[in-house]
Amino acid sequence: MEIYNNTNTFSSELLNKSKEEKYNYFHNKLITHPNLEKAILEVMNNIENPAGISLFMITGPTGVGKTTLKNKVEMKVIESRLLELDSNKGIIPIAGIEAVAPDAGYYNWKDHYKRSLEALCEPMINYKIDYEKIYKTNSVLSKSENTASAYRKSLENALRNRRPAAFIIDEAQHITKVASGKRLQDQLDIIKSLSNLSGIIHILIGTYDLGLFIDMNGQLSRRTANVHFPRYKAENNDDIRKFISVVKTFENHMPLENEVNILKYWEFIYERTIGCVGILKNWLERCLWYALDNNYKTISYELLKEQALSLGKIEKIAIEAIQGEKEIEENEDKRKELHKMLKLDFVNISEIERIEKEPKNKVKTSVGKRKPHRDAVGGV
Amino acid sequence: MQKDVSPYTLDSLKAKIMSSRSIFYSIEPMGLGTAYVESLTSYFCRLAVLHNVTILNLLNKYFIQIINSNNAFNTPFFYYSRNLNGFTPNVIKYVKALNILTGRNDLEELTFLSCQNILNLKGLLKKTKSYCPVCYQENQKNGLVVYDQLLWTCKPINICPIHNIKLLDYCHYDDCKKPLLFIDNKSLPGYCSKCHRWLGISESHINPNNNIIENYELQISNEISDLILEMRKIKNQTYTGKFVSSLNYVKDQYCDNSIIKLSKLLSFDKHNLKRYLTGIKPNIEYLVLFCKRFNMSLAEFVEGGLDYKLFEVKTDIQKEDFIKDKIKRIKIDSNILEQSLNVIINQFENKTPPSLEEVAKIIGISSSTIRYKFPNIAKSIVVKRYQYNKKQKEKRLGILYEDIRNATIEIFNMGKYPAQVLVTKFLGRPKVFMSPIATKVWRETLIDLGIKIMT
């Protein structure tokens with residue numbers, strides 16, 4: 001069994017630096033772990049070889065490290081495109097936004113376009129006009145008519161010309177929060193068409209709510225790929241071992257005077273993180289800041305307990321996560337249902353093979369008898 | 001080789017990369033390295049279209065700082081935009097600014113900048129845009145980018161060498177027929193910026209009667225398209241010295257050092273030849289002809305300048321080679337002219353008096369000549385016309401004020417408050433209240449009707 005063990009620690013010089021620097025060191029430290037690595041590999045594969053996929057979804061429970069995944073992917077894409085970036089000053093390696101939670105019952109697409117344009121370094125966002133509208137309707141637009149269509153056209157052009165490897169929408173579950181079912185169906189269609197028209201793959205990162213969203217529309221499902229970024233599960237021994245090694249890695253990177261030894265409380269740690277590395281990191285960051293602030297030399301069990309998420313909160317997160325996982329694991333049942341629907345179960349393979357092997361009956365005709373067809377008439 | 005990014009955090013790396021990105025998209029100019037390369041003005045328009053902004057916004061937000069212009073860009077810019085494809089000092093500024101803003105370094109090739117050492121700017125560029133409607137149509141049909149070629153901006157070019165049809169220099173729709181500017185505030189290549197309609201026409205719809213091409217036009221378009229193709233080779237080279245020495249050689253060898261004889265030998269105007277012998281650069285049309293006399297093509301000229309060794313005496317120089325070269329000078333008889341002027345003025349006794357321009361057109365001389373030779377007659381013509389126009393204006397305004405008054409009373413009789421908006425709608429003339437006197441008439445009418453003016 002592979003155990004991910006990162007033995008690198010911080011340099012001893014860091015201990016003499018200010019508490020802000022120590023905290024920033026830990027905060028900026030991106031620690032890779034098996035689930036994260038697997039997800040990164042899958043995402044990178046999909047970015048490099050989209051194969052007809054225009055939308056790509058990454059789902060996982062809250063605090064599993066999806067944003068870290070996003071950051072890692074961004075870093076990898078930038079690394080791989082450095083030479084291209086040097087030669088072409090017009091392109092942007094990768095871009096993305098965080099979807100804003102809707103405040104009025106519907107997702108604000110105009111705002112979405114504007115934010116996306118900002119992410120793509122677009123100049124003069126407030127001066128956009130729709131050339132197509134002017135030339136089609138032969139109208140003279142006033143300055144105030146910055147319509148959503150102008151922003152949308154602008155975004156299409158920006159994606160086409162800036163050519164990012166992918167456009168990432170973080171917290172994409174906010175897009176699903178709409179009042180009516182009909183609108184819900186339209187939401188991803190907008191992103192899909194944006195992606196198709198510009199030829200840029202869109203990556204949606206969100207909680208399990210996003211997974212529900214994909215099944216809405218047949219056309220959409222065909223064009224989407226899904227990556228599940230799971231938490232480490234207690235029922236799986238392998239997962240638990242990996243989780244422990246992650247805790248150990250974090251332990252090694254906490255810049256405190258005495259060695260931090262929290263591994264012995266792993267059960268408690270698992271209980272308050274439900275196996276999500278993101279939650280664990282945030283928790284340890286809080287502990288570290290408190291310890292640095294109060295000049296503690298290490299992190300004690302009491303401190304851990306004090307800074308842990310409350311049971312109520314964790315329970316809520318756990319319920320959501322388990323519910324989401326259940327829906328994803330239902331795939332096997334869904335498959336059977338599909339077989340039933342398509343009547344695949346009634347197909348007898350041996351019968352098909354027998355028919356294929358049988359030689360086709362040839363129509364025999366006697367020698368000298370002409371085949372029935374018209375003879376050419378007229379002409380010389 | 002892969003670069004090392006390990007010392008950077010994601011945020012610092014992103015910030016570093018974003019700061020090095022170009023402000024505008026680095027769009028590829030069309031037809032680069034071919035004779036049908038895009039013009040700088042077309043590139044400007046496409047840049048604004050792709051960014052979904054107007055040209056003036058584009059200029060005023062970014063160019064003004066880089067070009068160090070004191071004044072904001074305004075509509076006059078569009079009238080002078082034709083110069084952007086040439087080689088004035090301003091063009092260098094604009095090309096530099098565009099190169100910075102798009103992160104490119106090849107935009108100089110979209111202008112005649114590299115020809116500045118061999119050509120005279122006079123006679124190089126057209127004043128308004130001309131285009132090949134079939135090129136537009138074919139590009140659109142094949143899903144290619146529609147753009148304007150640098151070749152079309154060149155003054156002697158009247159035909160499209162790809163389709164062998166005449167270029168159009170106005171919108172081809174009968175109800176528009178307006179000349180097109182190279183850049184307009186919202187111009188889109190392939191469309192008329194005035195009536196916003198598509199300018200492309202398929203080849204089968206071109207009227208063959210309007211499309212008679214002369215051999216000379218074909219030759220010059222081929223020569224100039226070759227020049228554009230070879231333009232990269234010219235960079236910073238000047239052939240003026242060689243040009244002058246070749247002319248001097250011919251003058252000495254064949255013409256006994258006489259300019260008049262040289263002008264007859266080469267079929268060129270002697271005044272122009274004198275100027276060229278002092279080192280003034282020839283304009284593009286003359287350069288093509290000079291090359292022809294020296295048995296060279298323009299592309300060969302670009303390689304090494306005019307070569308006197310290739311010169312041969314030709315006796316069969318065709319008439320078409322004399323291009324607008326000799327200015328016809330007419331001798332003016334003052335007495336006859338004065339008589340004919342008086343006759344024309346008397347002809348219009350009871351009609352609209354003619355303007356000075358119209359009179360000059362009828363006689364066939366320029367208006368400045370009339371002003372110079374007969375100042376009194378010229379003045380009387382101008383004054384007559386001015387007074388007539390003034391009278392007409394007063395008459396027109398009188399009718400308008402009467403209309404306003406009647407409309408106001410009528411609306412009041414209908415039981416409505418005769419607001420200016422209603423009067424405008426009633427008359428069907430949107431700018432009726434532009435003149436302050438119209439408002440005054442309206443106010444007076446309201447007072448007469450005993451209505452309180454609502455503000």
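Reader: In S3(A), which residue is the bridge partner of A:Ala95?
Author: This is a predicted model, in which local features need pLDDT of at least 70 and side-chain atom pairs pLDDT 80 or more, whereas totals for chains, interfaces and linings use all residues. Residues are numbered from 1 along each chain as its sequence is written, chains are lettered from A and ligands numbered from 1 in the order written, and side-chain values use heavy atoms, without hydrogens and water. Helices (H or I, at least four residues) and strands (E, at least two) are DSSP runs numbered from the N terminus, and strands pair if DSSP finds at least two bridges between them. S2(A) and S3(A) run parallel, joined by 4 bridges, and the partner of A:Ala95 is A:Phe167.

Reader: What is the strand order of the open sheet in chain A?
Author: The edge strands, S2 and S5 of chain A, each pair on one side only. Pairing is parallel, and the order is S2-S3-S4-S1-S5.

Reader: With which side chain does that of B:Lys166 make a polar contact?
Author: B:Lys166 is partly exposed, at 27% relative accessible area (between 20% for buried and 50% for exposed, 1.4 Å probe, protein chains only). A polar contact is a pair of N or O atoms within 3.5 Å, one able to donate a hydrogen and the other to accept it. At 3.2 Å, the partner is B:Glu217.
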